[in-house]
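Student: I have not looked at this structure before. Could you take me through it by question and answer?

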Amino acid sequence: MDEKKMCSVCKVKPATVFFTNVSSENKFINLNLCDECAKAKGFTDSTSFAMADLMLGLGAAQEIEQAVGVELKCPRCGFSQADFKKSGRLGCPECYRTFAEGLSGLLKTMHKGTRHVGKAPEALRQTRDNVDRLKTLQKKLAKAIEDENYESAAALRDEIRVLGGVAAKSR
Amino acid sequence: MKDIHSFLCSPAESTQRHGPHDRIVMSSRVRLARNLRDFAFPGWAKKPERVKVLEAVLPAVSALPEMSDSFCEAMDNLTALDKQLLVERHLISREHAAKNVGSGLVVNRAETFSVMVNEEDHLRMQALRPGFQTREAWQAIDKLDSALEKKLNFAFDNELGYLTACPTNLGTGIRVSAMLHLPGLVLSEQINPIIQSVNKLGLAVRGLYGEGTEALGNVFQVSNQMTLGESETVIVERLEKVLSQIIEHEENARQTLLEKKAQGGVQPYWPCLWHPGKCTQYFLQGDDEPAFVPPVGRGHGIVPRYRTFAGG
């Protein structure tokens with residue numbers, strides 16, 4: 001007989017509930033739960049069970065674990081990766097910085113992209129636009145220098161200086 | 001400010017569900033998730049911190065011009081029945097109904113805006129419109145959000161956008177959804193391939209009360225799943241395109257069924273649509289069934305508009 005699979009959550013009891021989730025990139029994520037953990041995760045309660053959240057939550061926690069090796073804790077709110085494993089939610093806005101490394105892979109599979117596009121609070125909008133513009137200008141400048149087009153490089157450099165000043169002020 | 005009972009006893013005009021394509025699209029909704037920069041998310045925050053957030057958010061929301069005539073209450077002041085009614089009117093989620101101290105709610109009189117405080121995120125604000133009006137709902141909630149960001153410090157990151165408790169809502173924090181009544185596609189057995197192709201486009205199809213609920217009464221909710229990497233406008237437009245196609249398929253399916261009926265081939269479920277008095281058995285299939293049978297009959301001029309459906 002095959003060796004019994006253990007519960008992915010408590011890692012103590014044998015698993016009795018098995019899930020396989022196929023992501024949009026045809027990646028298989030397997031999840032095995034024991035009765036108690038399935039119940040604790042709300043599997044038996046149709047009002048609170050959110051399969052996707054559970055799968056994604058576990059996936060991310062594993063990624064975070066692999067990425068850092070030791071258990072990380074958010075310096076601001078004390079939230080740990082074990083807490084993320086339990087709930088699939090983060091503790092505070094700062095957690096996104098704390099767990100950034102582990103989260104990036106997860107965000108890639110979960111969303112269309114990993115960089116926000118769209119609305120920003122008005123107070124930050126200008127800074128955000130300026131940062132984007134600066135990046136574009138710097139790329140153009142590098143290209144102009146490479147092409148030995150010093151006239152447009154000088155113009156670009158001046159523009160970058162002005163914009164850099166504005167961005168620094170509004171920060 | 002209204003008290004809960006006068007509010008719940010007299011549903012707003014907008015809940016009568018007259019809107020573009022209301023034969024099929026019962027309502028359109030856009031929800032935005034927002035959090036305050038300096039506080040832990042509600043699921044992790046301790047009670048005093050949640051109360052602090054509630055005390056900061058409730059007055060800020062109530063003071064908005066859109067909310068001038070509104071109902072505003074802490075969740076612990078509502079009874080289980082009040083909460084149930086609010087869930088059924090899609091003004092709060094079932095998760096929010098389970099909340100008590102430290103959570104709250106603001107709903108305007110017209111029931112076109114509702115803001116849940118300390119649900120999964122500090123703010124979950126939605127614009128609800130009758131019929132197919134996803135774009136209008138987005139414009140309305142965008143305006144409300146812009147007014148609110150002047151008073152509250154939202155957690156925002158240049159790379160990741162609006163920061164939310166669950167990474168699935170990160171970025172725009174937007175969930176655009178429409179509630180569709182699709183008996184034609186269900187009866188003609190076209191619904192499953194349609195759900196599959198909608199899923200392939202990165203959209204979710206769910207039951208009446210969102211995630212994990214059944215499609216009672218042939219009512220389906222279609223919504224976006226991804227929130228990061230695309231702008232709100234792109235997300236709204238994609239949903240609009242998909243909805244237009246579903247509407248077209250449903251219209252065709254209904255037309256075919258009507259033609260079949262004219263030829264004497266009556267579907268088992270179909271009599272409900274023009275003999276409401278005989279349809280008790282269908283109405284009893286689920287608690288939510290009665291409300292959703294008449295729109296089809298009404299839409300096609302089969303059942304008089306205001307005739308009640310519980311048999312008379």
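Student: How many residues of chain A are in contact with chain B, and with how many residues of chain B?

Tutor: Two residues are in contact if their C-beta atoms, placed from the backbone, lie within 7 Å. By that rule, 36 residues of chain A are in contact with 34 residues of chain B. Helices (H or I, at least four residues) and strands (E, at least two) are DSSP runs, numbered from the N terminus. The elements of chain A that each supply at least two residues of the side touching chain B are helix 2 (51–68), helix 5 (100–110) and helix 6 (122–146).

Student: How do the residues of that side of chain A divide into nonpolar, polar and charged?

Tutor: Ala, Val, Leu, Ile, Met, Phe, Trp, Tyr, Cys and Pro count as nonpolar, Asp, Glu, Lys and Arg as charged, and the others, Gly among them, as polar. The side of chain A that touches chain B then divides into 19 nonpolar, 10 polar and 7 charged.

Student: What kind of model is this, and how are its residues and chains labelled?

Tutor: This is a predicted model: local features need pLDDT of at least 70, side-chain atom pairs count only at pLDDT 80 or more, and totals for chains, interfaces and linings use all residues. Residues are numbered from 1 along each chain as its sequence is written, while chains are lettered from A and ligands numbered from 1 in the order in which they are written.

Student: In what order do the elements of chain A run?

Tutor: Chain A has 7 helices and 2 strands. From the N terminus on, the order is β-β-α-α-α-α-α-α-α.

Student: How many bridges join strand 1 of chain B to strand 8 of chain B?

Tutor: Strand 1 (residues 25–34) and strand 8 (residues 174–181) of chain B run antiparallel. One of the pairs has Arg29(B) with Ser177(B) as its bridge partner in strand 8 of chain B. The number of bridges joining the two strands is 7.

Student: Which residues of helix 2 of chain B are buried?

Tutor: A residue is buried if 20 or more other C-beta atoms lie within 10 Å of its own, exposed if 12 or fewer, and partly exposed in between; C-beta atoms are placed from the backbone. On the other side of helix 2 of chain B, Pro48(B) and Pro59(B) are exposed. The buried residues pack against strand 2, strand 3, strand 4, strand 5 and helix 5 (134–148) of chain B. They are Arg50(B), Val53(B), Leu54(B), Val57(B) and Val61(B).

Student: How many residues of strand 5 of chain B are buried?

Tutor: Leu123(B), Met125(B), Ala127(B) and Arg129(B) point one way from strand 5 of chain B, and Arg124(B), Gln126(B), Leu128(B) and Pro130(B) the other way. Strand 5 of chain B is largely enclosed by the rest of the structure, because the buried residues number 8 of the 8.

Student: Which residue in the turn between strand 4 and strand 5 of chain B has a positive phi?

Tutor: Strand 4 and strand 5 of chain B pair in the antiparallel sense over 5 bridges, and Phe113(B) stands opposite Ala127(B) in strand 5 of chain B. The two strands form a hairpin with 5 residues between them. The turn residue with a positive phi, of about 60°, is Asn118(B).

Student: Is Leu185(B) buried or exposed?

Tutor: Leu185(B) is placed in helix 6 (residues 183–187) of chain B. Leaving aside neighbours within four places in sequence, its contacts include Ile191(B), Ile194(B) and His249(B). Because Leu185(B) has 24 C-beta neighbours inside 10 Å, it counts as buried.

Note on methods
Two strands pair if DSSP finds at least two bridges between them.
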